[in-house]
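Work through these exercises with the model open. Try each task before reading its solution.

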Amino acid sequence: MMYLRSLLPIVLVALFSSPSVSMAEGFGIDATRLIYPQGTSSIAVSVRNTQATQPYLVQATLSQKPDQRQSATPFTLTPPLFRLEPNSTHQIRIHGNTASLPEDRESVFYFHATAIPGGKASDSSQPVTGVKGKVQFGVGNIIKLFYRPSGLTSSSLDAQKGLRITRNERGLLIENPSPYFISLASLNIAGRAVALDTPDALMLAPFGSHIYPTSAKQGVVAWKTINDQGGLHAFTYTLP
């Protein structure tokens, strides 16, 4: 356990210096996002190990921001640390105490799963000469966890379709008048791609807005959103 505690901070700094999610071969999360409905006692998510002989030591955490490994949230994980055998899956349960969360809009958190390859036991029959060390590199996945109150108006799909788009001196002003988070997979105007290069550009918060810099001022605006299952929906709007 002391080995794990000393290793994890070093590995995690390297893993989560970028908020991007990597689905590494061998280890991964069997979901692209999680929805936690209000009134639910818990939800489950599975992690997998497709390696034939390599076990992993897995740590699961939750945070309020993607670049944090762990921070205070109204959720607990069971188990937070476990061994994942070769060719196997393991289920993690997420329990919520969500009374303090807003009921008029979604809240977002980030589920982290970090896997460190299990080491082989040393051969005690061989003499030890000098000081030896070994670095184990881990793999990490991050997905979003959305807490969804039960009384929200309309639906997530309606929210993805119902963006308000207007011209702005700096580009396109896109407003999200809904209580749902909206994750964009792509955005273009008149056939020209608009950069989605920041977290605020990639995901519109409930009742939030963002200005997307572009020189294009006319034409069809097309966007793709990521739905609850991780699939894509496509929509268009013609600027007047």
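**Exercise 1.** Is phenylalanine 181 buried or exposed?

Solution. This is a predicted model. Take the relative accessible area of phenylalanine 181: 15%. Buried means under 20%. Phenylalanine 181 is therefore buried.

**Exercise 2.** Classify the ring pair of phenylalanine 146 and phenylalanine 181, and state which parts the pair ties together.

Solution. Count the aromatic pairs first: there are six. In the pair in hand, the ring centres are 5.8 Å apart. That falls within the 6.5 Å limit for pairing. The planes meet at 45 degrees, so the pair is tilted. Next, place the residues. Phenylalanine 146 sits in strand β9 (residues 139–148). Phenylalanine 181 sits in the loop between β11 (171–175) and β12 (182–189). The pair therefore ties together parts 35 residues apart in sequence. Finally, check phenylalanine 146: it is buried, with a relative accessible area of 3%.

**Exercise 3.** Find the edge strands of the five-stranded open sheet.

Solution. Write down the order: β2-β9-β8-β4-β6, with mixed pairing. β2 (33–37) and β6 (81–84) each have a single partner strand, so one side of each lacks a neighbour in the sheet. These two are the edges. From one strand to the next, the twist averages 25 degrees. Now inspect β6. Its pairing with β4 (residues 56–63) is antiparallel, over four bridges.

**Exercise 4.** Which residues touch the most other members of the largest nonpolar core?

Solution. This core has 26 residues. Leu34, Phe75, Ile94, Phe111 and Leu145 touch the most other members. Another core, of 21 residues, lies apart from it and includes Ile189 and Phe235.

Notes
Residues numbered from 1 in each chain as written. Predicted model: local features only at pLDDT ≥ 70, side-chain atom pairs only at ≥ 80, totals over all residues. Heavy atoms only, no water. Core = buried A, V, L, I, M, F, W, Y, C linked by side-chain atoms within 4.5 Å. Buried < 20%, exposed > 50% of the residue type's maximum accessible area, 1.4 Å probe, protein only. Phe/Tyr/Trp six-rings, centres within 6.5 Å; stacked < 30°, edge-to-face > 60°. Pairing = 2+ DSSP bridges. Axes fitted to C-alpha atoms, helices over the stretch in contact; angles between N-to-C directions.
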